[in-house]
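Please read them alongside the coordinates.

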Amino acid sequence: MRTFAVIALLGFSSVSLAGVVMQMEHRDLDGPTEKPDSHVFYFQNGAFRQEEIGDGNFNVFRNQAMYTIDTKNRSYRKVDKAQMDKLGEQLGGLRSKLEAQMKNMPAEQRAAMEQAMGKIGVGTKKEPVITVRDTGRNETAAGIGCRVWELLTDGSKQSEVCLAAPGSIPEGAEIVKSMREIGSFVGGLAATFGGKTATGLWKQLQMLNGVPVITREFGSNGKAESEQRAVSVKSSVLPASLFEVPAGFTEKKIPGLSAGGVIGDDDDDK
């Protein structure tokens, strides 16, 4: 899953609080061996910041709003929970309307419509059955032990996540808190696109109450295609300014989103 900020809206103080810094490396496993991409994640009191080393741009999540910061152009984009929920409702309504229209269509026309709907994220495919299963395996990342759980869709393995107990990782509770805040933020869209399956999956992962230090994505052949792994995790005193939009940056509107998240509004960049 990039949109983010005005300092006045964030309402941050200048007080430094204890947080956690996690560096992770992402690498492809099914192609030529290349230098992995490195990302740094910052967590503190429900807030979150993510940046790719060497890129310069970064993302911030705070107070149920996401901000994408473009340092080169000194600009940012923002989307808040009200917009996300409204967009989810409207896409759900659009899907229901199109499904009703498709009932009386010839099979060929209906198939073409389903394909078109899938391309815009409102497909009508049968909701898959997603299962979270304990593999019984333990691994280690950044010197931290974790338990491997696999996620299956209709019995086919899609990914693995290795979860560390919050108490075994520096400021693990801060990471879990931020993850839950983000989960609440995207809940409206998750319910629309993934239905009960997506929201149920998130609840299962929350019940496991762990910090993901390794994640792997699997292809249809059952082999791991990519991996993201923690290489360092440490507690740190993080300044509040780390989660703010830099002073003097200009907000750019997101095409298709107004203050109410209305589909079809043409908000020009400002």
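1. Is Phe43 buried or exposed? Phe43 counts as buried because its relative accessibility is 6%; buried means under 20% relative accessible area, exposed over 50% and partly exposed in between, with a 1.4 Å probe and protein chains only.

2. On provenance: this is a predicted model, in which local features need pLDDT of at least 70 and side-chain atom pairs count only at pLDDT 80 or more, while totals for chains, interfaces and linings use all residues. Residues are numbered from 1 along each chain as its sequence is written, and side-chain values use heavy atoms, with hydrogens and water left out.

3. The protein has five helices and twelve strands, taken as DSSP runs (H or I, at least four residues, for helices; E, at least two, for strands) and numbered from the N terminus. Of its 270 residues, 38% count as buried.

4. Phe43 pairs with Phe48 in a tilted arrangement, 5.4 Å centre to centre and 50 degrees between the planes. Rings of Phe, Tyr and Trp (its six-membered ring) pair if their centres lie within 6.5 Å; planes under 30 degrees apart are stacked, over 60 edge-to-face, the rest tilted. Phe48 is also buried, at 12% relative accessible area. Phe41, Phe43 and Phe48 form one aromatic cluster.

5. Ile175 belongs to helix H4 (residues 172-185) and is buried at 1% relative accessibility. Ile175 and Gly46 are 129 residues apart in sequence, yet 7.7 Å apart in space, C-alpha to C-alpha.

6. There are 14 salt bridges, each a side-chain nitrogen of Lys or Arg within 4 Å of a carboxyl oxygen of Asp or Glu. One joins Glu227 to Arg229, with the closest N and O atoms 3.2 Å apart. Glu227 is buried at 11%, whereas Arg229 is partly exposed at 23%. Both residues belong to a network of salt bridges that also includes Arg133, Arg137 and Glu139.

7. Another salt bridge links Arg27 and Glu25, at 3.6 Å between the closest N and O atoms. Arg27 is partly exposed at 32% relative accessibility, as is Glu25 at 23%.

8. Glu52, in strand E3 (residues 47-52), is partly exposed at 32% relative accessibility. A surface patch of negative charge includes Glu52, Asp55 and Glu217; patch residues have over 30% relative accessible area and no salt bridge, like charges being joined within 9 Å and nonpolar side chains (Val, Leu, Ile, Met, Phe, Trp, Tyr) within 5 Å.

Definitions and conventions
Areas by Shrake-Rupley, 256 points an atom, 1.4 Å probe, with all protein chains shown as cover. Lys, Arg positive; Asp, Glu negative; His and termini not counted. Charge placed at Lys NZ, Arg CZ, Asp CG, Glu CD.
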